[in-house]
Amino acid sequence: MALISRFLLLVLLFTALVVSSGSGDGFTINGRVKIPQGLGTKGFALPGRTSNIKVILNGGQNVTFLRPDGSFSFHNVPAGTHLIEVAAIGYFFSPVRVDVSARNPGKVQAALTENRRGLSELVLEPLRDEQYYEIREPFSIMSVVKSPMGLMVGFMLVVVFLMPKLVENMDPEEMRRAQEEMRNQGVPSLANLLPGGGRN
Amino acid sequence: MAIRSFLILFLLFFLSSLHPILSLYEDQVGLMDWHEQYIGKVKQAVFHTHKTGRKRVVVSTEENVIASLDLRHGEIFWRHVLGPTDVIDGIDVALGKYVITLSSGGSVLRAWNLPDGQMVWESTLQGPKHSKSLLLVPTNLKIEKDNVVLVFSYGRLNAVSCTDGEVLWKKDFEAESLEVQQVIQCPSSDLVYIVGFAASSQFEMYQIDASNGELLKHESAAFSGGFLGEVSLVSSETIVALDSTGSILLTISFRNGKISFQQIPISNLVEDSLGPAVIIPSSVTGIFAIKMNAITMFIRVMGEGKLEVVEKTNHETSVSDALPISEGQQAFALIQHAGSEIHLTVKLAHDWDGNLLKESIKMDQQRGLVHRVFINNYIRTDRSYGFRVLIVMEDHSLLLLQQGAIVWSREDGLASIIDVTTSELPVEKDGVSVAKVEHNLFEWLKGHMLKLKGTLMLASPEDIAAIQSMRLKGSEKSKMTRDHNGFRKLLIALTKAGKLFALHTGDGHIVWSHLLQSLHKSEACQHPIGLNLYQWQVPHHHAMDENPSVLVVSKCGPSSDISGVLSFVDTYTGKELGSLTLVHSIVQVIPLPYTDSTEQRLHLLIDADKHAHLYPKTPEAIDIFQHEFSNIYWYSVEDDNGIIKGHVLKSKCTGEVADEFCFDTRELWSIVFPSESEMIIASVTRKSNEVVHTQSKVIADQDVMYKYISRNLLFVATVAPKASGKIGCVTPEESWLVVYLIDTVTGRILHRVTHHGSQGPVHAVFSENWVVYHYFNLRAHRYEMSVIEIYDQSRADNKDVWKLVLGKHNLTSPISSYSQPEVITKSQSYFFTHSLKAIAVTSTAKGITSKQLLIGTVGDQVLALDKRFLDPRRSVNPTQAEKEEGIIPLTDSLPIIPQSYVTHSLKVEGLRGVITVPAKLESTTLVFAYGVDLFFTQLAPSRTYDSLTEDFSYALLLITIVALVAAIFVTWILSEKKELQEKWR
């Protein structure tokens, strides 16, 4: 029951007026691209700067640009199922599937193809902003330690100062057992040191 | 036990430090990549210099670009690339702040904000029928305080408000065949004239009140001779046209709504007849120009329809439109070629003999003729008029002339690249002097100290700036010689204008450029079209002292049976070594895998009559060719008929003229696709120069799979004819996509797969034993990418060691394309978010490095995607062994990682192609993406495992060594002490 009611709700949402039948042979799809403020402040497209955003219908059949309020429209679109993509540097937009129905003009269904989410009105928002560069981590002592050279130094220090201590603190009994084990195994291989292989 | 756990901990720590660095840091931009922005050949230019502030020129181009350029330096303020079908018909500036563009055959009218390029409004215009589209921005015409733009398109005149794009009124011109020629605004009134021809011999004139669209007067007059082509406007109420034979000039006046014709045969004006004339469209009051063969004539219109020839010249001439400079005065610019110079003359429209300006400017011969001229004026300090002229050259470059000099130039021919190939640079000959090394050493140390400071965050802002400039400058980068790693090469690009450019891969500067004479319009070759570039001569082993050269293949016109042209260009100097106008046509060019003693590659050219022609035409070439005569196979794809054919050579040509380089061919096999259910939309084969390192693949359970590697594999995609259109016009039930893998020697179909409910466009790339293709899935309404890998099963039994030992394997048996190996294929499909414009695969010198797909997305970015994501063996839960092999768990869609965009935050506007070239260093490949913009970068698909990265800190290495040495001494002293103590005890 709950499922059916949800389905009904979706249908109701879909009937918002996005498509209007224009004069001539096609329909007009009107929509809006909305970039939330705060998103992409570190990005490359300044928030609110929409002049370089393109809206693309059916993989390049029509290309249009945004008006200052973010709205766009495609004219003379035939009835059928269409795909709208938004190309904006710094943002990831999901393509949108738009069904333009010939029988009852004015009805439209729009859904994001990435996550199959229905849209009640054709307002396109980025799913996430895109960071094209790696962030350079600020200098920390860890990064030096982690670098191959740091590891070399670290390993050397460990071997020089810690190993004797470890050996000293060992129980002579256990020490003997370890030596025995080593002799039994022969050459210790790296594989049985790893968690998967070393099940003995 | 403790030791072991400690070791494990240590190992884990070590492994975790090797996190993958796939991408770029922001400060590395421009280090290995460069990006150039172009606009294309300018069609129309409007200056905006009246206001104080930045002087600019707004241009529209043949690449459907509108751009605002800085008039001082020629840089782009802003730019928009419209869709591929959105051809710009007209531009103008309205209200001093809006750029108005009319595009898509007059159906889309847009206004852009002049300072920043933001679109202000957009409106769609429709009308009853197709017609020429004209844009007129009238001065001082207002309807209810609203400035208007007049647009004639689709047989309808629209008045559109400048501020919001609303149509204020419209007027249909129902007259069945009205071919509109001009929309003319009457000075000092709100009247607009629309003039045009109807039924080829009728002249029509409509007078319209521009404030409300009311038709005030409609007159028409018949002229039995008919009309030809363009008209020239010589005053606001007079036009000049030609009759249909091109021999009689008609002056048509429609003053006060009365039409009157005056006909003057051209033979009355000039004694000798020179054939039919063509009017050069212009709008200079009282003067017009006609062209007869190579002769250009300027004719003045006197009152009462009298004409007078004022100048006759056989130099190539271009004229600008008129520029009103003061009350009732108009100036125009004239450019004439004379040898290596061009003469710029600026005249007043009513005074032919007096020149306002006359300058000669030396012009590079490689720029060809002047195609278009745009004039603009400025007021000098002494209050006289100065003029600047923007010219568009034959090679599509744009130049600004002012005060007898070229102020700036833009190489906009590079916006329309047809084909690209690469060439090596010359080998460095001279040794390096010692002084230079010492100097370099000092600089080097200094540089590394600075870098160390940078890493340790001790650098001041000046230091950081110094580091950045030092890295970007990279003195080595743009040297004109070959380097060890093979990063420095020449990119040879052929442009639509018939010009060849050599770009340096280091920083993208133009090394040389050459306007091909063979692609110049001539008597024999009316409409030359450049087709392709091929490596003609690549000297490496012997013939080292020869310069490498490329072959440019072109043809004389759009039809397939028109004769072809070959030219050979030296890639070091850019000199054209020679050119051949062929007697036969060129349908297909096959570079053969054979070279002669001077390393010239043999090429086989197939003409429209199915004859094969061998080049170069030398006895040596024919000798080599005869040896391999029976081993040459090729295929042809006939898209229209849906046939793929395999061909082979038969014998020498049996024509009337004996030609030993011509061969007859024979059809070997053909595959006919049923035209009612399948239509070929894509065919892709392997790159002929691709290197494959290993023939087998060891899979997780120590098993081996043999790749089926054949140069003769062809990938073909067909769709249902109904589904060949764009997305949105077909239902999933009536569309399907069929994919074939075909052996091109035998014509055997190795694999066939049908994707129901899918359609094109298909973009595919073929490499080694796999093919990846991109298509649209109508059921899911998403794009998909599929991979097919093909393996040779007949060699699978070789895995048995005993067989190897006993010599019962078939490894040494010769591989023939005629043998029918048992193959198996593995395939899988994934969703992909974006539409594609281009797809390519990285190629490296030895083919060891793993591959990445380079995907040109609809947003004009290039994404690098590991081939591992497109592995058909991906499964939901890979076993431990498979994980170790590097198999990624299955997901339904391919990931888009923003950091793996090779173009990072840049766009290659109008992206058309991506090519990759291997560097000498195995880990690295060079990537060049072209469209309206150019982008170049180096890519290391498996990271640079064979060289130190650019940001490797030598100083840190030195410090570590010093620290280690110090530690050795310290521990030595400590141990000595301890030993001493032990002994004392």
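How many bridges join E64(B) to strand E65 of chain B, and in which sense do the two strands run? Six bridges join them, and the strands run antiparallel. The model is predicted.

## Chain B overall

Chain B holds eight helices and 65 strands. Its C-alpha trace spans about 125 × 80 × 60 Å along the principal axes. Of the 985 residues in chain B, 52% are buried.

The accessible surface of chain B comes to about 44,600 Å², with carbon and sulfur atoms supplying 54%. Take the contacts in chain B with a separation of 6 or more: residues 24 or more positions apart account for 50% of them.

Strand E64 of chain B covers residues 925-930. Six of its six residues are buried, so the strand is largely enclosed by the rest of the structure. In a regular strand, side chains alternate between the two faces of the sheet. Both faces of E64(B) are covered. Thr925(B), Val927(B) and Ala929(B) are buried on one side. Leu926(B), Phe928(B) and Tyr930(B) are buried on the other.

Strand E63, residues 913-918, pairs with E64(B) in the antiparallel sense over six bridges. Here Val914(B) stands opposite Ala929(B). A hairpin of six residues joins E63(B) to E64(B). Strand E65 covers residues 934-939. In that strand, Leu939(B) is the bridge partner of Thr925(B). The hairpin from E64(B) to E65(B) runs through three residues.

## The contact between chains A and B

Chain B brings 74 residues to the contact and chain A brings 64 residues. The area buried between them is about 6,300 Å². Carbon and sulfur atoms give 61% of that area. Four salt bridges are counted between the two chains.

One salt bridge pairs Arg782(B) with Glu114(A), with the closest N and O atoms 2.9 Å apart. Arg782(B) lies in strand E58 (residues 782-792) of chain B, and Glu114(A) lies in the loop between strand E9 (108-112) and strand E10 (118-119) of chain A, so the pair joins two chains. Arg782(B) is buried, with a relative accessible area of 4%. Glu114(A) is partly exposed, at 23% relative accessibility.

## Other salt bridges

Over all chains, a search of the whole structure finds 34 salt bridges. Within chain B, the side chains of Arg410(B) and Asp412(B) meet at 3.0 Å, N to O. Arg410(B) counts as buried at 10% relative accessibility. Asp412(B) counts as buried too, at 0%.

Glu638(B) and Lys645(B) form another salt bridge, their closest N and O atoms being 3.3 Å apart. Lys645(B) is buried, with a relative accessible area of 14%. There is also a network of salt bridges that links Lys54(A), Lys837(B), Asp860(B) and Glu909(B).

## A nonpolar surface patch

Chain B carries a nonpolar patch on the surface, with about 1,000 Å² of accessible area. Its residues include Leu441(B), Trp444(B), Leu445(B) and Leu948(B). Also among them are Tyr954(B), Leu957(B), Phe969(B) and Trp972(B).

Helix H3 (434-455) and helix H8 (954-984) of chain B each supply at least two residues of the patch. H8(B) gives the most, with seven residues. Leu441(B) sits in helix H3.

## Ile709 in a loop

Which loop holds Ile709(B)? This residue lies between strand E52 (704-707) and strand E53 (713-719) of chain B. Ile709(B) is partly exposed, with a relative accessible area of 29%.

Ile709(B) and Tyr791(B) are 82 residues apart in sequence. In space they are 8.2 Å apart, C-alpha to C-alpha. Neighbours within four places in sequence aside, Ile709(B) is in contact with Arg686(B), Val692(B), Thr694(B), Gln695(B) and Asn769(B).

How values were computed
Residues numbered from 1 in each chain as written. Chains lettered and ligands numbered in written order. Predicted model: local features only at pLDDT ≥ 70, side-chain atom pairs only at ≥ 80, totals over all residues. Heavy atoms only, no water. Patch = residues over 30% accessible without salt bridge, like charges linked within 9 Å, V, L, I, M, F, W, Y side chains within 5 Å. Areas by Shrake-Rupley, 256 points an atom, 1.4 Å probe, with all protein chains shown as cover. Helix = DSSP H or I, 4+ residues; strand = E, 2+ residues; numbered from the N terminus. Buried < 20%, exposed > 50% of the residue type's maximum accessible area, 1.4 Å probe, protein only. Pairing = 2+ DSSP bridges. Contact = heavy atoms within 4.5 Å. Buried area = accessible area lost by both parts, 1.4 Å probe.
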